[in-house]
Amino acid sequence: MLSFIAGGVVGVIGFGIYHYYDKNKKRKQKMEEDKRFSGLVASSKDIIYYFEKVPGFRFRYMLPSLEHFYGEEMGRDGFVDPKKYFYLVHPDDLDMFWKKIHGEVDYSKPIIYRIRNREGKYNTYEEYTTPVYKDGEIIALQGILRNINEKIKLQNELEYRINHDDLTGLFNRGYFEKQLDKYANEMNTPVAIVICDLDDLKYVNDSFGHKAGDLLIKTTASILKEFSSDTVIPSRLGGDEFALLIVGNSSLDDVESLVGSIENKVNTYRIDSISQSIKLSIGFAYSNDSLNEMDRLFIEADKNMYKNKKQKKSRTLLAVEG
């Protein structure tokens with residue numbers, strides 16, 4: 001009997017000890033899980049939030065915290081006065097940001113805007129927002145913001161590669177033709193096309209090699225790039241041919257002046273490493289209107305370029321014969 005009671009006591013004690021360690025083990029597991037979750041949230045580039053409009057502006061939560069992204073002061077003050085957080089939004093995006101709060105956007109589409117971080121730099125976020133309604137009124141917003149800096153960077157790099165020539169960094173023929181199409185069909189403006197052709201590329205390639213030819217092309221491109229502006233768009237069409245598209249309020253006199261400046265710059269430039277001067281044949285065409293005129297202007301500029309090339313060859317022959 002005593003042995004039975006003793007066994008029962010030991011069993012109860014053993015169960016209690018087991019229960020204690022099991023409970024303690026589960027507590028530790030939960031703490032580890034919470035710790036892992038906190039780590040995941042803290043390292044996430046996503047921001048999850050719930051923002052209440054009614055009865056007054058306040059964040060119910062934001063994970064990771066404002067402090068994690070914007071420092072201790074903003075982490076504290078942003079919850080007390082959310083407008084302090086709002087004004088971290090880039091000024092150009094602020095109007096759209098307020099429209100999001102007031103229900104003046106299409107919530108089925110992502111909203112993209114920039115927010116200044118603690119270093120003073122702007123990060124670009126893509127936000128998916130769901131409004132919370134009560135009696136037909138938006139009383140809160142809940143959403144996820146994802147940092148898309150890398151996405152924007154990759155998009156910009158891809159766009160650059162699509163639109164630019166690998167060798168020179170100028171716009172390429174595809175971009176040039178898209179601009180011609182735009183001004184021929186969508187926008188009407190005074191416009192000019194300048195066609196430039198390198199005269200001695202084959203000679204340089206045959207005499208000094210293709211690396212020297214590439215140097216000639218890149219040097220010519222760098223000269224034309226000096227004339228680039230919001231209204232002057234230089235492009236490499238391929239091989240030894242370049243073009244400048246001039247749009248805006250430029251007059252015929254302005255275009256003639258620009259062409260003269262290009263000629264003066266080219267005529268005074270010499271590539272010492274291959275003992276060569278740059279020789280460009282240039283032709284241009286101008287119109288007060290661009291709509292339905294771009295194909296004609298390109299053909300006219302190209303013809304004028306070849307006319308200039310023949311004139312120079314004729315002068316060279318006369319000089320030799322003389």
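Which residues do ring pairs link into a cluster? I put this question to a predicted model, and I record the answer in the third entry below.

**Entry 1: the chain as a whole**

I began with the secondary structure and noted 10 helices and 11 strands. I then looked up burial: of the 322 residues of the chain, 39% count as buried.

**Entry 2: the nonpolar cores**

I looked up the largest nonpolar core and found that it has 29 residues. Cys196, Phe242, Ile262 and Ile278 are the residues with the most contacts inside it. Two or more residues of this core come from each of β6 (191–198), α7 (201–208), α8 (210–225), β8 (241–247), α9 (252–267) and β11 (280–287). Helix α8 gives the largest share, six residues. I noted next a second, separate core of 22 residues, which includes Phe59, Phe86, Trp98 and Leu145.

I returned to Phe242 and listed its contacts, leaving aside neighbours within four places in sequence. Among them are Leu170, Val194, Cys196, Ile217, Ala221, Leu224 and Arg236.

**Entry 3: aromatic rings**

I answered my opening question here: the cluster linked by ring pairs consists of Phe51, Phe57, Phe59, Tyr85, Phe86, Tyr87, Phe97, Trp98 and Tyr113. The structure holds 15 aromatic pairs. I examined Phe97 and Tyr113, whose ring centres are 5.1 Å apart and whose planes meet at 75°, so the pair is edge-to-face. This pair links distant parts of the chain, since Phe97 lies in helix α4 (residues 94–101) and Tyr113 in strand β3 (residues 111–116), 16 residues apart. Phe97 is buried, at 1% relative accessibility, and Tyr113 is likewise buried, with a relative accessible area of 1%.

I then turned to Tyr203 and Phe208, with ring centres 6.4 Å apart and planes at 85°, so this pair is also edge-to-face. Are these two residues buried or partly exposed? I found Tyr203 partly exposed at 46% relative accessible area, and Phe208 partly exposed at 42%.

I also noted a charge over a ring: the charged end of Arg60 sits over the ring of Tyr50, 4.4 Å from its centre.

**Entry 4: Phe79 and Phe59**

I located Phe79 in helix α2 (residues 66–80). Phe79 and Phe59 are 20 residues apart in sequence, and their C-alpha atoms are 5.9 Å apart in space.

**Entry 5: backbone details in loops**

Where is the cis peptide bond that involves Pro55? I found that this bond joins Val54 and Pro55, with omega about 5°. Pro55 belongs to the loop between β1 (46–52) and β2 (58–63).

I next looked up phi at Asp135, which is positive, about 55°, although this residue is not a glycine. Asp135 lies in the loop between β4 (122–134) and β5 (137–147). I recorded Asp135 as exposed because its relative accessible area of 78% is over the 50% cut-off.

Ser275 also has a positive phi, about 50°, and is not a glycine. I placed Ser275 in the loop between β9 (270–271) and β10 (276–277). At 44% relative accessibility, Ser275 counts as partly exposed.

Terms used. Residues numbered from 1 in each chain as written. Predicted model: local features only at pLDDT ≥ 70, side-chain atom pairs only at ≥ 80, totals over all residues. Heavy atoms only, no water. Core = buried A, V, L, I, M, F, W, Y, C linked by side-chain atoms within 4.5 Å. Buried < 20%, exposed > 50% of the residue type's maximum accessible area, 1.4 Å probe, protein only. Helix = DSSP H or I, 4+ residues; strand = E, 2+ residues; numbered from the N terminus. Contact = heavy atoms within 4.5 Å. Phe/Tyr/Trp six-rings, centres within 6.5 Å; stacked < 30°, edge-to-face > 60°. Lys NZ or Arg CZ within 6 Å of the ring centre and 35° of its normal.
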